[in-house]
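This report describes selected features of one protein model. Please look through the sequence and the structure before reading on.

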Amino acid sequence: MIDLRSDTTTQPSAGMRSQMASAPVGDDVFGDDPSVNALQQRVASLAGKGSALLLPSGTQSNLVALLAHCQRGEEYLVGQDYHTYLYEAGGAAVFGSIQPQPIPVSTDGSLNLELVRSRIKPDDPHFAMTRLLVLENTHNGKVLGLDYMAHAAEFARRHGLALHLDGARVFNAATELGVDVKEIVRHVDSVSICFSKGLGAPIGSLLCGSGPFIAAAKRWRKMAGGGLRQAGVLAAAIDYALDHHVDRLRSDHAHAKRLAQAMCEIDAITLISSQTNMVFIELPDEDVGVQLGQFLAERGVKVLGGKRMRLVTHLDISAADTETVITLFREYFAS
Ligand SMILES: Cc1ncc(COP(=O)(O)O)c(C=O)c1O
C-alpha cells in the first residue's frame, strides 16, 4: 500500500526495532529507566528548555500541558481548527474544567493577534480567567515563521499569558525554515513534540518546559495514566528517529511539492495548500472525491477525504511511490 492518509502510518524500520530490543530499561515511574532519562535530557536540550517528559501520545502531552498551565475555571485561547481544540475530545474541559476560547485560524495557520487580544477576558467575576495562548506549528503543514513566534510570545507576555506550542510537527517546521527546533520554540513556555508522525517512531511525544512546569506535568501524567514502566524501549525508538529520520524530512517535503505541482496540472483539481509534508486539494464535488478514493484504494493507494482531500508524505513514501500516485490521478481524470 501507498498510504497518504497521514504521517502517523509509518512502520518502525528494522534498525529502529533492533535498537528498541537492545535498549537498557528500568521502571520509569521510579525514574529508573536510563534510556528514558537520557532521551528526556536530549530532547530538553534540543528544545532549549530546562526539562522534558516522555508521554505516550501528543494528545496526552497537550492535555497535561494545559492542566499544568491552567487551573479549574481558567481559560486558554486556541485556534478553532487546532488539534488542541478540535481533535482532543475536549479533554481540557472534561478533565481540567478549563474553558477553551476558540479563535478563527488565518489562512497561513497563525492566529491574528488583534483578534486574540479582543478575546482576552477582563478581570471581572463574570468571566473565566484567561491564562494561556496555544499555537500549532505546523498547522495543516503550514509553518509559523520565527518572526510570528517572537511576536506571539511578546504579545503573550504583555498580556500576562503563558504560551504553549503544539509542536507535533515542529521538526517539519524547522526543516522548512532551515533552523534548529530550538529557534522556533525559543520564546514559548512549553512545547509538545510528537515522534510518532514524520519522525517514524511507533509511539511517543515529549513535553518540554521549565523544571517546575515539567514537575507539575509529571503529576498530571501519572493521573492521566501516562506513567509507563520499562518505557526505554520507546525512548530507544525516538532516539533512533532523532539519529536517522530528521534530515530525511527534506525528502518528504520534496515529494509533497512534486505532488502539489502535478495536482496543479489537472484541471479538475484545485490546490488549496501545500507546505512541508501536506498537500490539500479540492475536487469538483463529494461524489468525485469518493469515487477517486475508491479508484485509488483498488490500486493500492490510501487517501483521506472526499471533496477536500489530504495527501501526506512520510518516510514510507518514496519518490517512485509519488510518481505512481501522480500517474493514477492523471489516469482517473483522463477517463
Ligand atoms: C497537530 C497535532 N497535534 C497533536 C496531535 C495528537 O497526537 P496523537 O495522535 O499522538 O495523540 C496530532 C495528531 O495527529 C496532530 O496532528
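The model is predicted; local features need pLDDT of at least 70, side-chain atom pairs count only at pLDDT 80 or more, and totals for chains, interfaces and linings use all residues. Residues are numbered from 1 along each chain as its sequence is written.

Helices (H or I, at least four residues) and strands (E, at least two) are DSSP runs, numbered from the N terminus. A residue is buried if 20 or more other C-beta atoms lie within 10 Å of its own, exposed if 12 or fewer, and partly exposed in between, with C-beta atoms placed from the backbone. Helix 8 spans residues 170-177, and seven of its eight residues are buried. These are Val170, Phe171, Asn172, Ala173, Ala174, Thr175 and Glu176. Just after helix 8, Gly178 has a positive phi of about 70 degrees.

How do helix 8 and helix 12 pack? Their axes are 10 Å apart and form an angle of about 80 degrees. Axes are lines fitted to C-alpha atoms, for helices over the stretch in contact, and angles run from 0 to 180 degrees between N-to-C directions. Angles under 35 degrees count as roughly parallel, over 145 as roughly antiparallel, 65 to 115 as roughly perpendicular and the rest as oblique. Helix 8 and helix 12 are therefore roughly perpendicular to each other.

Two residues are in contact if their C-beta atoms, placed from the backbone, lie within 7 Å. On the helix 8 side, Phe171, Asn172, Thr175 and Glu176 meet Leu249, Arg250 and His253 of helix 12. By class, this contact has two nonpolar, three polar and two charged residues. Here Ala, Val, Leu, Ile, Met, Phe, Trp, Tyr, Cys and Pro count as nonpolar, Asp, Glu, Lys and Arg as charged, and the others, Gly among them, as polar.

## Nonpolar cores

A nonpolar core is a set of buried Ala, Val, Leu, Ile, Met, Phe, Trp, Tyr and Cys residues joined through C-beta atoms within 7 Å. The largest has 78 residues, and Leu133 and Leu207 have the most contacts inside it. Helix 11 (residues 232-244) gives the most to this core, with eight residues. Not counting residues up to four places away in sequence, Leu133 touches Leu77, Val116, Ala152, Ala156, Leu161 and Leu163. A second, separate core of 18 residues includes Leu259, Met263, Val301 and Phe329.

## Loop residues

| Residue | C-beta atoms within 10 Å | Exposure |
|---|---|---|
| Ala89 | 11 C-beta neighbours | exposed |

Gly48 is in the loop between helix 2 (34-47) and strand 2 (51-55). Its C-alpha atom is separated by 6.9 Å from that of Arg186, although Gly48 and Arg186 are 138 residues apart along the chain.

Ala89 is placed in the loop between helix 4 (83-86) and helix 5 (91-96). The phi of Ala89 is near 55 degrees, a positive value in a residue other than glycine. Asn140 is likewise not glycine, and its phi is positive, near 50 degrees.
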